[in-house]
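Me: Please take a close look at one part of this model, the contact between two of its chains. Keep it brisk.

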Amino acid sequence: MFDNLPLWPTAASSHARYEDWLFIFLTVVSVVMTVLIFAVIAVFAMKYRRRHGREATQIEGSLLLEIGWSIAPLGIMMLMFAGGAVLYFIMRSPPRDSAQVYVVAKQWMWKLQHMEGPREINQLHVPVDRDVELIMTSQDVIHSFYVPAFRVKQDVLPGRYTTLWFRATKPGTYHLFCAQFCGTMHSGMIGEVTVMESKDYQAWMTSAAPSGSLAQTGMTLFQQLGCNTCHLNDVQGRGPVLKGVYGNPVQLGDGRTVTADENYIRESILVPAAKVVSGFRPIMPSWQGQVNEEQLNELIAYIKSLNPPPTGEAVTAGAPGGTTPPPSAK
Amino acid sequence: MATAAVTTERKNYLNAEYGIRSWLLTTDHKRIALLYLLSITLFFFIGGFFALLIRLELLTPAGDLLTADMYNKAFTMHGQIMVFFFLIPSIPAVLGNFLIPMMIGAKDLAFPRINLLSWYIYVAAGVLYIYCLATGGVDTGWTFYTPYSSMFSNTHVVEAGLAIFIVGFSSILTGLNFVVTVHRMRAPGLTWSRLPLFVWSHYATSIIMLLGTPVIAITLVLVVLERTLNLGIFDPARGGDPVLFQHLFWFYSHPAVYIMILPSMAVMSEIIPCFSRKRVFGYTFVAMSSIAIAAIGFIVWAHHMFVAGISLYSALVFSCLSFLVAVPSAIKVFNWTATMYKGSVSFSTPMLYAMGFIGLFTIGGLTGLFLATLGVDVHVHDTYFVIAHFHYVMVGGAVMGYLGGMHFWWPKISGRMYPEGWGRLAAVVVFIGFNLTFFPQFIVGYLGMPRRYWQYPPEYQVYNVLSTAGASILAVGYLLPMVYLLWSLRYGKIAPDNPWQATGLEWRTASPPPTFNFDETPEVTWEAYEYDKMPLPEEVTLER
Amino acid sequence: MSDRAGIGETPLAVEHEERPELRHHFADVEQQRNAATLGMWWFLGTEIMFFGGMFCAYLVYRRWYFPEFAASSRSLDLIVGTLNTAVLICSSLTVAMSVRAAQLGRRTLQVKLLLATIFFGLVFLGVKAYEWNNKYKEHHIPTFSFSANDLIKENQKLFGLDQLQNDPAKLQERKAEIQRRSQIFFSLYFALTGMHAIHMVIGVGLFGVITWMAYKGRFTPEYHTPLEIAGLYWHFVDIVWIYLFPLLYLIDRRPGA
């Protein structure tokens, strides 16, 4: 029933539980105070409602009360301060032996590089129950790395490094947001953090493979650039499935239909927003100036190679005949 | 006053002179207040229009109604217009301007021509801002964060920055006028301890205007210079520091929050005693808490920057200081509530707004504690939780106060009574619409929805739909007073000089007041809020 | 307004005779003068905050980029700066004396002193223009072909470049950094002195009006408030320079540094 009405964000990091308790404490105090004030107002308003024959009693004030209701809230607030300060202190002190991931933010994508080598775009894979430290910088404006499920957020500044650490406690896929306004596609600068069991993570880590032919180099490049994080191989990702696209008609969001030839693929890489496949949002970043001509060729070759051989097996589900895949939005 | 039944109309500030020149060249603080009223109302509705666009866009998770750039401009201009062109001048420049000289028994503010100048500066800035809006607008967010604003945005940052720079001088001059007026123009016998709390609060507000505004002025000038001359003071690519901009920006813009809320508290301190027929509880504490808010407000700015990359220890200090500023606010709320105790409470429209204010401001203030708590702020910073919090303070607080004040002093300003039934209805509609709009944003904020998002994950939709529904109710709530107040100008009952039997000096002159406020300079021999010496008002406002 | 006689009957209004300079809404001249003076003092308070933002930026960057700021500061023309300081102090003196002349009711002297003030103000601006022109020639104006090469040449040791001689890559990097950071100094230098110069221009204009008023005989020993508050403004602008001069020109001129 509450599928569409979440009331509490998932808690998936070591900070999250602490933060939630602090939040609950604050909420309880606030609710008690609010209810108290509302109730007192309501009672006074009813009890001392203007009536004939009854006059207001003049009261100057009370020093004792004033001191009381200054000191008591201050005491409670100092508790809040202490709780928040301790958590903040923990959040700002990364453990020594944590796994490090470098993060480069740019308008409007997250580029992540694991120390072990794998690069990702708008995707971060981390193992469960392991301290991970992000070392972040920005190429252009200020961004902010925010994972609500981990209750962590840190602005990412150009010209200097900021850090953030967390220990994921629950496998799953969580939102990654940019929380600091950074321009046109600020709301498109989102991604996912995937928390994996250790052995799955190891498998993921070793899955990158070297290559030979143009198409194979293209495939490597495809993975290096992180294209595969959205253009998944056989299930719906945030971008269209590319298997079997080449040479076939594509339905666009504005109703037109184009044929996915070399030119279309090239344009879709360099100016992705120009012709967006129906059912998808224009979230793909432009690669203009970031892939050179050879690399474009390699990529196109790879996409071509995804077409099933003429005599080959049946086309995988989701892209019959390479036409429009169903929209990814739920 | 019993001679009111004369056939010829009494001369007052409205009919003393006629013609457009007599308005545009007036130095009468009351007429200038009305000029301000017209101009800020215009900006309120422009800002409100952008709010409507934002809420409509957020009805669905996908970015469908507006383009991303249009959306970014909409929330930027909503923020800038509402903060700089509506909220900051709202109560001070309209009600403060109108009432402060009367409340202290003066004929005018100390510098009437500077007062008019401040309105012209406001208009000049407004025209420049509208020009900026008409030629394409600005998309930096109202906060102008560098280096986005200084180097990356392709919109009209220079025009917007200059407009806000200029409008700052309007509020500096207003503040200057108030401070000097309160110091030097009080009627004989009106000592500081006899001052209405409205004046105390405005005095505190003025000090913030005087000491805070120049800092944002110079900061925006630096951003403009950076864009036009490529200075590089805030640009990391050339050795500058974007975080320094944030420090300078919030050094003004946090106290600016108190510029917006203190005048509203000023209104509350008049309305609540009047409709409870009691002296305000703990006068000295309410008065001093205004000054305390103004003072402490200047040393808490960095709580906007806990995740911006400031040092651990400065974050600790600023967090602690931020809790301190909550104490004087709490004192006010408790004292207002205590004022009702053993009073004789009537549910007139201004009192409904006042009770609404206390409730909403309490929620706004308490959620402020979440943001001051370091570990919690890390999660909710830059999410809808923050949006909800400051709308509870700025809209639930400042705008409720403004509306309450407009109703309370409307008989004095216009000489007419508004229709009480409609007034109460509007107050209730605003209260309901407001809560429906902004309460869901606390939840969606805690769930993690970041602010300034044009499109958002679908699981946040329900709350956004609620919000948009609430916003449409709120819009009706704001249009209602506008309609019936205008209606009352022609058809409302003629207001007596003191319809509420309130104690302030402004009620001891005619409604509407004569050009120089008082036929005789009053001599004050009584304390503020001596409601025991006032008769109960006949319920003139209860129609039919 | 119906019974206008009522206004004249207030106890405060009867105490003094009607004066032409008394504005309608003040009870007496004393109140008017107090209001004007207090207003100017508060205005100067906002001015302090206005410059304060830039001073704050200057101090923060000076702490971070000390060598570059020291070298840039030393490259400023001390003689020109001292000359301007002297000129401004003289102008403040003439302002103070003109107020005194007004108090004594000596109109001709007053006008002469005010003219002298304007003259000193213009000299200051002229010298400033000369100094900025030199900055242009030295390529020290940010973005207008800014170059820190002369600073680099003269301050090898301060910048620690002598230790980098055998590492060309690092040397280049450091040089680029010096270029960027000294540009920040000059950005702030021009923002501060430029803003100060704008205040000087306003001050000269203001004193033009005041001189004209003095010439017309508007000021009497009893009433010369405009002159007084304009004087306050002038002294303030002067004091800003008194802070700018050591902060920009003198701060790093220790012997042996």
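Reply: B:D241 pairs with A:R160 in a salt bridge, with 2.7 Å between the closest N and O atoms. A salt bridge here is a side-chain nitrogen of Lys or Arg within 4 Å of a carboxyl oxygen of Asp or Glu. Between chain A and chain B the count is 2 salt bridges.

The model is predicted: local features need pLDDT of at least 70, side-chain atom pairs count only at pLDDT 80 or more, and totals for chains, interfaces and linings use all residues. Residues are numbered from 1 along each chain as its sequence is written, chains are lettered from A and ligands numbered from 1 in the order in which they are written, and side-chain values use heavy atoms, with hydrogens and water left out.

The rule finds 30 residue pairs in polar contact across the interface of chain A and chain B, both residues at pLDDT 80 or more. Such a contact is a pair of N or O atoms within 3.5 Å; within protein, one must be able to donate a hydrogen and the other to accept it, and residues adjacent in sequence count only if both atoms are side-chain atoms.

Which elements of chain A supply this side? At least two residues each come from α1 (14-47), α2 (63-91), β7 (152-156) and β9 (172-178) of chain A. The largest share is from α2(A), with 17 residues. Helices (H or I, at least four residues) and strands (E, at least two) are DSSP runs, numbered from the N terminus.

By class, the side of chain A that touches chain B has 49 nonpolar, 20 polar and 14 charged residues. Ala, Val, Leu, Ile, Met, Phe, Trp, Tyr, Cys and Pro count as nonpolar, Asp, Glu, Lys and Arg as charged, and the others, Gly among them, as polar.

Now the extent. Chain A gives 83 residues to the contact and chain B gives 99, where contact means heavy atoms within 4.5 Å. The two chains bury about 8,000 Å² between them, 68% of it on carbon and sulfur atoms. Buried area is the accessible area (1.4 Å probe) that two parts lose on being put together, summed over both. Of the area that chain A buries against chain B, A:R50, A:Y88 and A:F181 supply 10%, more than any other three residues.

For reference, chain C and chain B bury about 3,800 Å² between them. There the count is 0 salt bridges, with 7 residue pairs in polar contact.
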